[in-house]
Amino acid sequence: MQLLQNTRIPFPSFEPRETPPQFPSRGPGTSAEPNLLGRKLLVVDDDRLNIRILAGLLQTEGYVIAEANSGEQALEVYEGFRPDLVLLDVVMPGIDGFETCRELRNRYGVNAAPVIFITAKNDSEDVVEGLASGGVDYLPKPFRRKEALARIRTHLQNRILIEQQKLLVEQLKQANDAKNKLVGMAAHDLRNPLASIRGLAEFLTDGTVGPMSPDQLDLVKMIHSESQSMLNLVNELLDVSTIAAGELKINRESCDLAELLEKSVYLSNINAARKSTRISLQTPQAPVTAMIDASKIRQVVDNLLSNAIKYSPPASEVRVRLQKSDTGLEIAVQDQGPGIPEGERHRLFKDFGTLSVKPTGGEKATGLGLAICHKIVEAHQGSIAATNLPNGGCEFSIQLPA
Amino acid sequence: MSFEGKILLVDDEAHVRKFISLVVRQLGSPQIIEASNGAEAVEIYKQESPELVLLDVNMPVQDGLETLKQIVQHDPNAVVVMLTSLANRQTVQEAVQNGAVNYLRKDTPKDEILQALRRTIADCFPSNT
């Protein structure tokens, strides 16, 4: 018997092993079928004869076996042996199989090896208790060899798949973190030079460093506006990577929301004027203060205003409204654009979720702005929503807790 | 308001110095002295005693915060404005605690930088207005 340990040669008196189910290939580097050869099984039974029978059967299958005669001994052997599966008798002197199984769960948590109970007891009450204590399966004694081996194979394969899955998730997480870090670094390094290109182009266009011909001016203005859009994109990428890395920090301080909106509307009006669009602001008489991260909420409002201008036809009116609501405060921005197509609504607040709706003045859309807004508002325990208005246009509203 | 004083502009990147110096020139006719690292900046400060220092935060060898500390140690009344690319709150707070009077984001449009500088000058040099 010892000679046959760790081999696949079937013991002559047993039926030939069934071909295990074929798993689809998962690409290079992984075997098509989880290899069960050499997997470790702990067999626990107070009856030595039972152990000998089981161990003999399992060794011929190529498994490595360790034995224990009691629950207490099983826990001891488990620690050093670290089996892939435990075959556990239920009725034993000392702590019984269920208790042993619960203790394994206690000690090793989700990483504990699957437990299959083997016992003469097989009424449904026992089955329920066995499964409740963390067992994955139940084999009534006397068991049929083929059935026992098939079940053991199944649970070992499950275990292997779970391990592979965990490893894969961990690898994906690391790859994603590395990607976020790379995007962050790239965006950060591109930002200063881009800001300088934009700034220097602005100096050329405004004549600070001398006059330019109309043609030269035309080119420099293009450099200015393109570097501006690149800078916006880089800033948004940087925001997205910061948020993805879980580094979005909200520093709350008391803030006058009407004043914040006034500033945003004032600056956005400069852009709006290029399309002859007007932004109106309606705020309550009494001051409205909130505990918010003012620069982050300002970023959200700026973004909503820029979108409203971007997607409304020239000479539109964009309305901004601040009011107290049932749950706190509401900031609403109404545009006169085409609204959100119902079928694309689910993409609205997702990263790179550009819609079929296009800017009306050749502006750029990265599909990141609203995703960032959504995350900033959520970090304030607020919500953001878009509603198409009955008479055309769309309203974006932000709800913030008071 | 026109600012005629000496301004020390410290940044390791030449394009930033070029851009900021163009902005600063619009303050009036200041004398602009440039430095490309923190150690050089401290030396120049000691020799020239500029009225205003514009100091980059992220620089190799000796960063802006360390440079700020050395300048303030030499002259507790130094007027230092930090230049940042990311307005990292912690860095800004640390700079203010160590004696910086304000900070500017380098990626803001020139008119906003100019506005902020005018305010800082009005606050720190009342006689200049």
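What share of the contacts in chain B with a separation of 6 or more comes from residues 24 or more positions apart? In chain B, such residues account for 59% of the contacts with that separation, two residues being in contact if their C-beta atoms, placed from the backbone, lie within 7 Å.

This is a predicted model, in which local features need pLDDT of at least 70 and side-chain atom pairs count only at pLDDT 80 or more, while totals for chains, interfaces and linings use all residues. Residues are numbered from 1 along each chain as its sequence is written, and chains are lettered from A and ligands numbered from 1 in the order in which they are written.

## The two chains

The table sets out the two chains; helices (H or I, at least four residues) and strands (E, at least two) are DSSP runs, numbered from the N terminus, and a residue is buried if 20 or more other C-beta atoms lie within 10 Å of its own, exposed if 12 or fewer, and partly exposed in between, with C-beta atoms placed from the backbone.

From the N terminus on, the elements of chain B run β-α-β-α-β-α-β-α-β-α.

## Sheets of chain A

One open sheet of chain A has 5 strands in the order β2-β1-β3-β4-β5, with parallel pairing, where two strands pair if DSSP finds at least two bridges between them. Its edge strands are β2 (64–68) and β5 (137–140), each of which pairs on one side only, and neighbouring strands of this sheet are turned by 20° against each other on average, direction ignored. Within the sheet, β1 (residues 40–44) and β3 (residues 85–89) of chain A pair in the parallel sense over 4 bridges, and A:V44 has A:L88 in β3(A) as its bridge partner. Helix α2 (residues 71–81) of chain A lies across β1 and β2 of chain A and runs at about 170° to β1(A); axes are lines fitted to C-alpha atoms, for helices over the stretch in contact, and angles run from 0 to 180 degrees between N-to-C directions.

Another open sheet of 5 strands in chain A has the order β7-β9-β10-β12-β11, with mixed pairing. Here the edge strands are β7 (278–282) and β11 (383–388), each pairing on one side only, and the twist averages 15° from one strand to the next. The strands β11(A) and β12(A) run antiparallel and are joined by 6 bridges, with A:N388 standing opposite A:C394 in β12(A). Helix α7(A) lies across β7, β9 and β10 of chain A, at about 170° to β7(A).

Strand β6 (residues 253–256) of chain A and β8(A) pair in the antiparallel sense over 4 bridges, and the bridge partner of A:S254 in β8(A) is A:M291. The covered face of β8(A) holds A:A290 and A:I292, whereas its uncovered face holds A:T289 and A:M291.

## Nonpolar cores

A nonpolar core is a set of buried Ala, Val, Leu, Ile, Met, Phe, Trp, Tyr and Cys residues joined through C-beta atoms within 7 Å. The largest has 35 residues, of which A:V300, A:V301, A:L304, A:L305, A:V318 and A:C373 touch the most other members. Elements that each supply at least two residues of this core include α7 (257–274), α8 (294–311) and α9 (369–379) of chain A, and α8(A) gives the most, with 8 residues. Not counting residues up to four places away in sequence, A:C373 touches A:V300, A:N303, A:L304 and A:I384. Apart from this core lies another, of 34 residues, among them B:F3, B:V42, B:V81 and B:A95.

## Where the chains meet

The contact between the chains takes 11 residues from chain B and 12 residues from chain A. On the side of chain B that touches chain A, the largest share, 5 residues, comes from helix α1 (residues 14–25) of chain B. That side divides into 3 nonpolar, 2 polar and 6 charged residues, where Ala, Val, Leu, Ile, Met, Phe, Trp, Tyr, Cys and Pro count as nonpolar, Asp, Glu, Lys and Arg as charged, and the others, Gly among them, as polar.

The axes of helix α5 (residues 145–205) of chain A and α1(B) come within 9 Å and cross at roughly 35°. In this pair, A:N192, A:P193, A:S196, A:G199, A:L200 and A:F203 in α5(A) meet B:H15, B:V16, B:K18, B:F19 and B:L22 in α1(B), and the residues of the contact divide into 6 nonpolar, 4 polar and 1 charged.
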